[in-house]
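User: Can you walk me through this structure? I would like to start with the parts and how they touch.

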Amino acid sequence: MRLKGRKVVGGYAEGEALVSVDPVSFYGGVDPETGVVVEPGHAVEGECITGKVFVFPTGKGSTVGSYVIYRMKKLGTAPAALINAETEAIIATGCVISEVPLVDRVEGELFQVLRTGQWVRVDADDGFIDISDRPR
Amino acid sequence: MILTKEQEAMLAGEEGPAAAKLLELLVALGEVFGAERLVAVESAHIAGVSYKNLGEAGTEWLEEQADLGAKARIWATLNPAGMDMEKWLEMGVPRGFAEGQRRVISTFQRMGVEPTCTCTPYLVGHVPKLGSQIAWAESSAVCYSNSVLGARTNRESGPTTLASAVTGLASLYGYRLEENRRPGAVVDVEVGLETPLEFSALGYLTGRRLGTTVPYFRGLGDLSLESKKALGAACATKGGITLWHGEGVTPEAGLYEGLLDGLERFTVGSSDIEAEVERLTAPLDDPIIVLGCPHSSLGELEMIAGLVRGRDMEGRLWVFTSRSVYAEAKASGYVGGIEEAGGRVVRDTCMVVAPVIEMGWREVATNSFKAAHYMTNAGLKTRLGTVQELLTGEAQ
């Protein structure tokens with residue numbers, strides 16, 4: 001299935017989807033050393049986002065979160081790409097400085113259509129995502 | 001977004017890789033916020049300076065920008081660091097932290113940023129003109145420049161302010177546009193407020209009630225510069241107020257006098273102020289008194305020096321200010337006066353960005369809601385009082 005979205009930060013990546021219904025704070029909410037979501041009570045607490053297409057509604061928390069994404073990129077623990085319902089400055093800044101593709105405003109009910117474990121190709125340059133059931 | 005030929009060339013790398021990457025950041029954020037174009041900015045105030053917040057990740061990113069040739073092309077000043085750059089050892093700051101912090105400051109200096117190390121650039125000569133476009137971070141300084149000076153900026157971040165300093169540009173959206181500067185609520189202050197503590201309480205409760213809505217205050221009276229800085233800092237701390245108007249106080253308030261009908265409205269009385277103080281006040285045994293959030297003005301240092309004369313404050317008083325105001329206060333004898341009573345006057349940093357847990361702090365008393373808010377979040381116990389109450393134990 002191909003869905004249109006808005007390019008925020010260009011690039012191409014693919015990976016397994018990790019879908020969170022909760023907003024994400026990278027500062028304090030994700031451990032940059034391990035790539036694991038550590039915020040207590042978070043929808044994907046304990047999940048590793050490394051190499052995944054990480055899907056969540058929007059960012060939250062401290063602007064320092066931008067640097068955490070950059071740190072993860074340097075350490076090799078960053079997600080492959082991010083998809084937000086509606087992104088904001090912390091996530092967008094982190095993705096630009098780390099060169100992680102970022103798409104938001106995907107058409108349709110993304111959080112009902114896309115499930116954790118599905119394979120997603122993110123073509124941010126051309127503003128679309130492809131969803132399939134298993135890695136090709 | 002529509003870019004000019006010059007901006008397209010910068011984005012393509014004609015002015016170096018750093019300017020290209022940093023402009024890409026401004027354009028991406030401009031797209032996110034629906035900006036139609038970029039605008040030239042006159043000055044930048046850069047936050048994200050304390051090694052406590054930057055960590056290795058942020059420090060490495062800054063060093064990479066400097067290595068790529070990033071240079072400020074407009075006047076750019078710097079927010080507080082995590083320590084007094086000279087007296088860090090006697091502050092109790094760990095050596096490893098100090099090394100990281102020195103790397104950060106020298107990296108900013110390499111990029112042509114003036115190491116003012118203060119949240120009050122407007123007290124050390126960085127005073128934008130009414131209506132000018134600027135790119136400032138540090139929520140309290142943003143509130144002051146937008147509201148009291150009538151300059152125009154959004155609440156920028158560390159990376160975007162560096163990007164604006166290097167490119168001389170910002171994306172045109174939000175509080176840069178006249179239509180977004182209108183008040184969204186009226187706050188009628190029905191009690192005569194006098195001290196910065198009371199104005200800080202007013203700001204904190206307004207931020208709590210309004211979130212990010214622009215308030216229009218009536219009944220502020222003839223408030224001091226120190227009270228204006230306290231009001232804005234607290235407004236921006238709880239919630240996310242970026243701009244406030246004060247009838248008869250701020251330069252743009254007059255534009256909106258006839259346009260207040262139908263806006264949300266609430267009143268503030270003396271019991272509201274007292275209740276707000278109680279929110280961040282716990283019973284404490286032996287708190288450290290911390291003053292200077294935002295950084296102390298020369299007038300505040302003069303007042304503190306006067307109040308502690310003849311008292312024993314040994315180990316119990318920390319006063320924070322900028323290196324520039326410190327130099328003036330030293331020449332005027334205020335620093336000596338505070339030190340004679342056993343207090344410390346510390347430059348370049350503050351209680352919000354220094355590694356206070358590692359420094360052994362557990363209980364603090366202050367006159368600033370911003371300080372109390374962040375210290376509570378950091379796990380410390382806090383109490384609020386006026387400077388006079390805190391230093392002399394007597395009501396004002």
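This is a predicted model: local features need pLDDT of at least 70, side-chain atom pairs count only at pLDDT 80 or more; totals for chains, interfaces and linings use all residues.

User: Which domains does chain B have?

Analyst: The domain assignment gives chain B three entries: domain 1 (5-178), domain 2 (182-278) and domain 3 (280-392).

User: How far apart are the centres of domain 2 and domain 3 of chain B?

Analyst: Their C-alpha centres are 25 Å apart. In terms of contact, 14 residues of domain 2 of chain B meet 17 residues of domain 3 of chain B.

User: And how much area do domain 2 and domain 3 of chain B bury between them?

Analyst: About 1300 Å², with 62% of it on carbon and sulfur atoms. On the domain 2 side, B:Leu197, B:Lys229 and B:Thr237 lose the most area to domain 3 of chain B, and together they make up 38% of what that side buries.

User: Why give an area at all?

Analyst: The accessible area lost when the parts come together is often used to state the size of an interface.

User: How many salt bridges cross between domain 2 and domain 3 of chain B?

Analyst: The rule finds one salt bridge there. B:Lys229 and B:Glu300 form a salt bridge, and their closest N and O atoms are 2.9 Å apart. B:Lys229 is also one of the residues that lose the most area on the domain 2 side.

User: What about polar contacts across that interface?

Analyst: There are 10 residue pairs in polar contact between domain 2 and domain 3 of chain B, both residues at pLDDT 80 or more. On the domain 2 side, the elements that give two or more residues are helix H8 (196-210), helix H9 (225-237) and helix H10 (270-279) of chain B. H9(B) gives the most, with five residues. By type, that side divides into six nonpolar, three polar and five charged residues.

User: How many salt bridges are found across the interface of chain B and chain A?

Analyst: Three salt bridges are found there. A:Arg71 and B:Glu60 meet through their side chains in a salt bridge, at 3.7 Å from N to O. The count of residue pairs in polar contact between chain B and chain A is five, with both residues at pLDDT 80 or more.

User: Now some single residues. Is B:Thr349 buried or exposed?

Analyst: B:Thr349 counts as buried because its relative accessibility is 0%, and buried means under 20%. B:Thr349 sits in the loop between strand S12 (344-347) and strand S13 (363-366) of chain B.

User: What does B:Thr349 touch?

Analyst: Leaving out residues up to four places away in sequence, B:Thr349 touches several residues, including B:Pro80, B:Met83, B:His295 and B:Phe320. A polar atom of the B:Thr349 side chain lies 3.3 Å from the backbone nitrogen of B:Met83.

User: And B:Thr212, buried or exposed?

Analyst: B:Thr212 is exposed, with a relative accessible area of 51%. B:Thr212 lies in the loop between H8 and strand S7 (215-218) of chain B. Not counting residues up to four places away in sequence, B:Thr212 touches B:Tyr175, B:Gly240 and B:Ile241.

User: Last topic, the backbone. Which residues does a cis peptide bond join?

Analyst: A cis peptide bond joins B:Cys293 and B:Pro294, with omega about -10 degrees. B:Pro294 lies in the loop between strand S10 (288-291) and helix H11 (298-308) of chain B.

User: What is phi for B:Glu138?

Analyst: B:Glu138 has a positive phi of about 80 degrees, although B:Glu138 is not a glycine. B:Glu138 counts as buried, at 13% relative accessibility.

User: And what is phi for A:Glu99?

Analyst: Phi of A:Glu99 is near 60 degrees, again a positive value in a residue other than glycine. A:Glu99 counts as exposed, at 53% relative accessibility.

How values were computed:
Residues are numbered from 1 along each chain as its sequence is written. Chains are lettered from A and ligands numbered from 1 in the order in which they are written. Side-chain values use heavy atoms; hydrogens and water are left out. Domain bounds come from an automatic or database domain assignment. Contact means heavy atoms within 4.5 Å. Buried area is the accessible area (1.4 Å probe) that two parts lose on being put together, summed over both. A salt bridge is a side-chain nitrogen of Lys or Arg within 4 Å of a carboxyl oxygen of Asp or Glu. A polar contact is a pair of N or O atoms within 3.5 Å; within protein, one must be able to donate a hydrogen and the other to accept it, and residues adjacent in sequence count only if both atoms are side-chain atoms. Helices (H or I, at least four residues) and strands (E, at least two) are DSSP runs, numbered from the N terminus. Ala, Val, Leu, Ile, Met, Phe, Trp, Tyr, Cys and Pro count as nonpolar, Asp, Glu, Lys and Arg as charged, and the others, Gly among them, as polar. Buried means under 20% relative accessible area, exposed over 50%, partly exposed in between (1.4 Å probe, protein chains only).
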